[in-house]
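Reader: I am new to this structure and would like to go through it step by step. Please show it to me before I ask anything.

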Amino acid sequence: GKLLVEHAVERPRLVAGLEVIALCRALRRALEGSTMLTTMKYLSDALLALGRCTDEAKTAFFGIAKSLHERCREALAPKALARDAEGARLALCRFVAMSNRGMDITFGRVDMVHHMAKLLGDRLAWAKDLSAAQRTAVGAAAPLPPGGVPDARLALLLLEGCAVAAMWHIRMATMSPSLAAVSELQACKAAIPSLVAAIRDISVKLVEGDLDLHVRFHAFSCYVSMLELIIGYSDKLSLEGGGAEESSWSLGRTCEVQLPVDHLKVLWSYLNGLFDSAYCADLPESSVTFSSDGQRVEAQSDVWPAPSLGSLTSVRHLLERRIEAGPAPPPVTPADELLMALLAARCVCESNLDKVYAGPLGNLLLTQCERSRPTPLRDVAAGLMRRLRVFARSSEECAKQFFDMQHEAVVGVYLCCGVDAASALSAAFVRHWGPRIPPWLERPLCLSLREAVAACVTPDGERLPLLDVFATWARADFLQEGYASELGAEL
């Protein structure tokens, strides 16, 4: 149906012969009766395609949105989930499908997002109340929550709903200067910082305390997405609080993005756990069906040509499989865990926030350069190395940071795993440098190496074995004789 409607819309003479009102009614009945998220997305696409060229379809789409808005408000009301959990899940599926396709289903209602966060908080409270025996009683499968508490499928939809609603509210607050005086817009704009803070807070708590691996991964992804939102709009709107007026800001001014230490520790622990699980799984490369670019998703359909997957990424495909798998899905496979680790690593590698890609999370990702790590993770870590090297050309400070991060990664591996592991990681870094160091990197390497050598000399002598590791960085191919003499004097 979607393909036929899009084909007709691209040819105006065919639209004139359509019974648009009857078609819109049929699409609405199909959308309200569908139970599959993928089908809901295709039906929404068909309505939007018609809406681009007919007023009747626009009116029908707006009517569906208003009806869905009221249904979602009822589903998010206190104790409503206990009465009709399946109805709430279907309503949230339609909410996510239509919100991602052209309309804010919250209609600017910030309280709806806070209600979603409240339901996610109820799930967290239930998870915390479980004893250790209850957490492990069912093996790899997470226990099912009681009535009134969102299950994993609904939790994924609530997280997606929170994120997409926040994006719509931010877009409305920054879209048109001519609407800046509207009182409702001003109220929405003032509430955005607290809204983003609430989403970040509940996301990091889910990363730390939820029992479902898919929910924890989606919460990690949602948290990083909020950081990217803050960066993207920081020249127009402060999403960290402390005022949201952009009219008095000077050209080029941006707000600083805060990454609390306690949040960073949770994200680091989660990412470290993913990397550890991927390493321990020891999957043969022949069984891995994805690369560092993600998972190749092929449409499985008897229809030719198959319906377009459009913006369906590896992340969305992974989560939609979980949402549509039922309340008791099969256990997560080692390949799924490796895919989650890969996608989380790409979140770090591709982040625009230096506190992410050049901070502890970036250091942790660099440890995956070592040859024994899974190939997809090694490729993502190598991508971060290349990115940092490109930044190193901009200034001596960035060039020194390039080597400082590698130094910190080697020291961290040494403290955790010993000198052999640190030596293997250091050798992997040196291979990435190439046969020779460019002249513009020699002085930053010398400065970083001086600090590394000095840090190895401690009163207890615990880090002295690292001197042999860092000695490989002082090769004649990398440093001129004058820099090498400075290092000898420092030692």
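The questions and answers below go through a predicted model.

Reader: How many residues apart in sequence are the parts that the pair of Y357 and F391 ties together?
Author: The structure holds seven aromatic pairs. One of them is formed by Y357 and F391, with 5.7 Å centre to centre and 50 degrees between the planes, and this pair is tilted. Y357 lies in helix α16 (residues 354-357) and F391 in helix α18 (residues 375-392), so the parts tied together are apart in sequence by 34 residues.

Reader: Is Y357 buried or exposed?
Author: Buried means under 20% relative accessible area. Y357 has 11% relative accessibility, so Y357 counts as buried.

Reader: What is the relative accessible area of F391?
Author: A residue is partly exposed if its relative accessible area lies between the cut-offs for buried, under 20%, and exposed, over 50%. F391 is partly exposed, and its relative accessible area is 28%.

Reader: Which charged residue sits over the ring of Y357?
Author: The ring of Y357 has a charged end over it, 4.3 Å from the ring centre. That charged end belongs to R387.

Reader: Over the face of which residue does R373 lie?
Author: R373 is placed at 4.3 Å from a ring centre. The ring whose face R373 lies over is that of Y279.

Reader: What kind of pair do the rings of F403 and W433 form?
Author: Both F403 and W433 are buried. Planes over 60 degrees apart count as edge-to-face. The ring centres of F403 and W433 are 5.3 Å apart and the planes are at 85 degrees, so the pair is edge-to-face.

Reader: Which residues form one aromatic cluster?
Author: F403 lies in helix α19 (residues 396-417) and W433 in helix α20 (residues 419-433), so their pair ties together parts that are 30 residues apart in sequence. Both residues also belong to the cluster, which is formed by F402, F403, W433, F470 and W473.

Reader: In which crossing does α12 pass α13?
Author: Helix α12 (residues 213-232) and helix α13 (residues 261-281) pack with their axes 11 Å apart, at an angle of about 130 degrees. That makes α12 oblique to α13. The crossing in which α12 passes α13 is left-handed.

Reader: In which crossing does α18 pass α20?
Author: The axes of α18 and α20 are 11 Å apart, and the angle at which these helices pack is about 55 degrees. That makes α18 oblique to α20. The crossing in which α18 passes α20 is right-handed.

Reader: What is the phi of K79?
Author: K79 lies in the loop between α5 (55-75) and α6 (80-83). With 71% relative accessibility, K79 counts as exposed. K79 is not a glycine, although its phi is positive, at about 70 degrees.

Reader: Near what value is phi of F107?
Author: F107 lies in the loop between α7 (85-99) and α8 (110-129). With 34% relative accessibility, F107 counts as partly exposed. F107 is a residue other than glycine, and its phi has a positive value, near 55 degrees.

Key. Residues are numbered from 1 along each chain as its sequence is written. This is a predicted model: local features need pLDDT of at least 70, side-chain atom pairs count only at pLDDT 80 or more; totals for chains, interfaces and linings use all residues. Side-chain values use heavy atoms; hydrogens and water are left out. Rings of Phe, Tyr and Trp (its six-membered ring) pair if their centres lie within 6.5 Å; planes under 30 degrees apart count as stacked, over 60 as edge-to-face and the rest as tilted. Helices (H or I, at least four residues) and strands (E, at least two) are DSSP runs, numbered from the N terminus. Buried means under 20% relative accessible area, exposed over 50%, partly exposed in between (1.4 Å probe, protein chains only). A charge sits over a ring if NZ of Lys or CZ of Arg is within 6 Å of the ring centre and within 35 degrees of the ring normal. Axes are lines fitted to C-alpha atoms, for helices over the stretch in contact, and angles run from 0 to 180 degrees between N-to-C directions. Angles under 35 degrees count as roughly parallel, over 145 as roughly antiparallel, 65 to 115 as roughly perpendicular and the rest as oblique. A crossing is left-handed if the near helix is turned anticlockwise from the far one by less than a right angle, and right-handed if clockwise.
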